[in-house]
Amino acid sequence: MPTACTGILFLYCFKTGVLSRAAHDIRLSVQPRKFQQNGPEIHAQFSPLDIEVDGAMRGGVFDRKGLKNRDKLEIRKKLRSEVLKVQSFPEITVSGRHCDGVFEGQLTLQSTTRPLRFSTTTRGHTTYAELEIQPSLWGIPPYKALLGTIQLQDRIRVECCFPLA
């Protein structure tokens, strides 16, 4: 879980498929372009163009050097063009209410808005959360490569932190 926080999401993507041993689970990160909090109301706006490929996950442990720079660039390119289709969908938003250790709201991804509810923990002036989303619920099928022998699972683990106003 992140420690210092200005508002960040870590996104963990998991591989599957016949040749999945040749691939890596990966960690992505993104910070909001806008983060507004008015009492319990929260609104965050993200650009898919800001998503960074941080590195590989090996046995559940983050390895910043686990991917070569050219691999990171290729993943980022495919993420933008084939998975998130940023030309057509340049914005991701999260909005809702945070009260008594629960965030309840909605996530808009590729022009599809779906409910979002998860528990949070507050330490000091920072709130932390872990949740899992299923991209296909927002119309995003799991990414496939090499005729489907390597693909991403239809789940993304999200770890986030955001400051309290």
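## Salt bridges in a predicted model

Asp54 and Arg27 are both buried (under 20% relative accessible area; exposed means over 50%, partly exposed in between, with a 1.4 Å probe and protein chains only). The two residues form a salt bridge, with the closest N and O atoms 3.0 Å apart. The term means a side-chain nitrogen of Lys or Arg within 4 Å of a carboxyl oxygen of Asp or Glu. Asp54 sits in strand E5 (residues 52-58) and Arg27 in strand E2, so the pair ties together parts 27 residues apart in sequence. Strands (E, at least two residues) are DSSP runs, numbered from the N terminus.

This is a predicted model: local features need pLDDT of at least 70, side-chain atom pairs count only at pLDDT 80 or more, and totals for chains, interfaces and linings use all residues. Residues are numbered from 1 along each chain as its sequence is written, and side-chain values use heavy atoms, without hydrogens and water.

The structure holds 11 salt bridges.

| Pair | N to O distance |
|---|---|
| Asp54 and Arg27 | 3.0 Å |
| Lys15 and Asp25 | 3.9 Å |
| Asp50 and Arg33 | 2.7 Å |

Lys15 and Asp25 meet through their side chains in a salt bridge. Lys15 lies in strand E1 (residues 8-16) and Asp25 in strand E2 (residues 25-30), so parts 10 residues apart in sequence are tied together. Lys15 is partly exposed at 23% relative accessibility. Asp25 is buried at 17%.

Asp50 pairs with Arg33 in another salt bridge. Asp50 is in the loop between strand E4 (41-46) and E5, Arg33 in the loop between E2 and strand E3 (34-38), 17 residues apart. Asp50 is partly exposed at 24%; Arg33 is exposed at 52%.

A network of salt bridges links Glu74, Lys78 and Glu82.

How values were computed
Helices (H or I, at least four residues) and strands (E, at least two) are DSSP runs, numbered from the N terminus.
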